[in-house]
Amino acid sequence: MQRTETDHTHLSRAIDLATRGRGRVHPNPVVGAVVVKDGQVLGEGWHAEYGGPHAEVNAIDACDGADLTGATIYVSLEPCCHQGKTPPCTDAILAAGISRVVVASDDPTEKASGRGLGILRDEGVTVDVAGGELAARARLANQAFRKHARTGRPWVLFKSAMTLDGKVATRTGDSKWISSDASRALAHKWRASVDAVVVGIGTALADDPQLTARIEDPNVPELRQPRRVVFDATGRLPLDSQLVRQAPEIPLTVVLSRAAPRSAADGLTNSGADVIVATGENEPARVRSALDQLGESGVHAILLEGGPHLAGAFLDAGEIDEVRLFLAPLLLGGSKARDPLEGEGVEKISEALRALTLDCERVADDILISARLKEW
């Protein structure tokens, strides 16, 4: 694409607009759009709500009936060309008389994947596709959507809080609280942004958690509640735990192995939990099996909260896409204190998984380190 500075400005704005729909349009991607004619912005829009009009339609409607013949529409994701909850966006673009479409990123789903752009070109519309930094930004805005489209598995964000010496719990297992109140509040917002929060049975037994999104701030609206998922190979999750007791109201999935007794599975099911059986010859294989099944059920994004044993299995399975670590100003010491990741790991430094990006920021007394491991 031969893009001008003006193209860059408007396409960047479309990508910014897209993020306004985050957490409200699942399982659809976030999308933003800007309509420009003769150097003037006539309308802006974004996909604001699942089942509602898409970004292109909202941007065209925002033009208030202006003549769009010869206009350009800038879109963060290629326009859809299929009938879903709403009509195809390609139809709306053609009906409006728009003559040029500038797109930041592709749609990797089978029903799209260039088809919409082909339809527009066939109808005489000029189509330009961005590359470089703008394309990367647009793809990063929809990593969960893109991974699920390509693999059928959810995108996985691993979150942990550790001390300066890299420990997540003392030798006795105590971990409350390593991170600050502000860090934990931020983690609750992350819970509200994903489809599921995942822990292992060790964490479930030790903490009896709720795994819900909670922020005690009257200025913060009610948060979306994710599905809770517990990896529990042998079915040890107590039926009187908070997770099971809340299952009728807040979805709970328990991942069992074939080693779990039928009575445990029946008890969980009768209490309102969903049960899936992960298969495979080892823990990484069973992680992949569970993710396949969760993906089939509509889970696109996961917040993995541990503990170290399960996190290590996810890493060994190659199924951690991003890491966010809170580094607290504490020192624990002790050879038996817990590390954030266990599992098999690698034998050589040359085999280590290297982050594609690395960012740091201050959160109260903690340092938040964010590392993207994969790009979809």
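In strand β3, Ile73 is the bridge partner of Val35. Helices (H or I, at least four residues) and strands (E, at least two) are DSSP runs numbered from the N terminus, and residues are numbered from 1 along each chain as its sequence is written. Do keep in mind that this is a predicted model, in which local features need pLDDT of at least 70.

Strand β1 (residues 32-37) pairs with β3 in the antiparallel sense over 4 bridges; two strands pair if DSSP finds at least two bridges between them. On to β4 (residues 100-103), which pairs with β3 in the parallel sense over 4 bridges. There, Arg100 of β4 is the bridge partner of Thr72.

Now look at the side chains of β3 (residues 72-75): Thr72 and Tyr74 point one way, Ile73 and Val75 the other way, and all are buried, meaning under 20% relative accessible area with a 1.4 Å probe, protein chains only. In a regular strand the side chains alternate between the two faces of the sheet.

Step back, and 5 strands form an open sheet with mixed pairing, in the order β2-β1-β3-β4-β5. The edges are β2 (40-46) and β5 (126-129), each with a single partner strand, so one side of each is left without a neighbour in the sheet.

Finally, visit helix α12 (residues 308-316), where the buried residues include Pro308, Leu310 and Phe314. Among the elements covering the buried residues of α12 are β6 (155-162), β7 (196-200) and α11 (283-296). Just after α12, Gly318 takes a positive phi of about 75°.

Terms used. This is a predicted model: local features need pLDDT of at least 70, side-chain atom pairs count only at pLDDT 80 or more; totals for chains, interfaces and linings use all residues. Side-chain values use heavy atoms; hydrogens and water are left out. Buried means under 20% relative accessible area, exposed over 50%, partly exposed in between (1.4 Å probe, protein chains only). Contact means heavy atoms within 4.5 Å.
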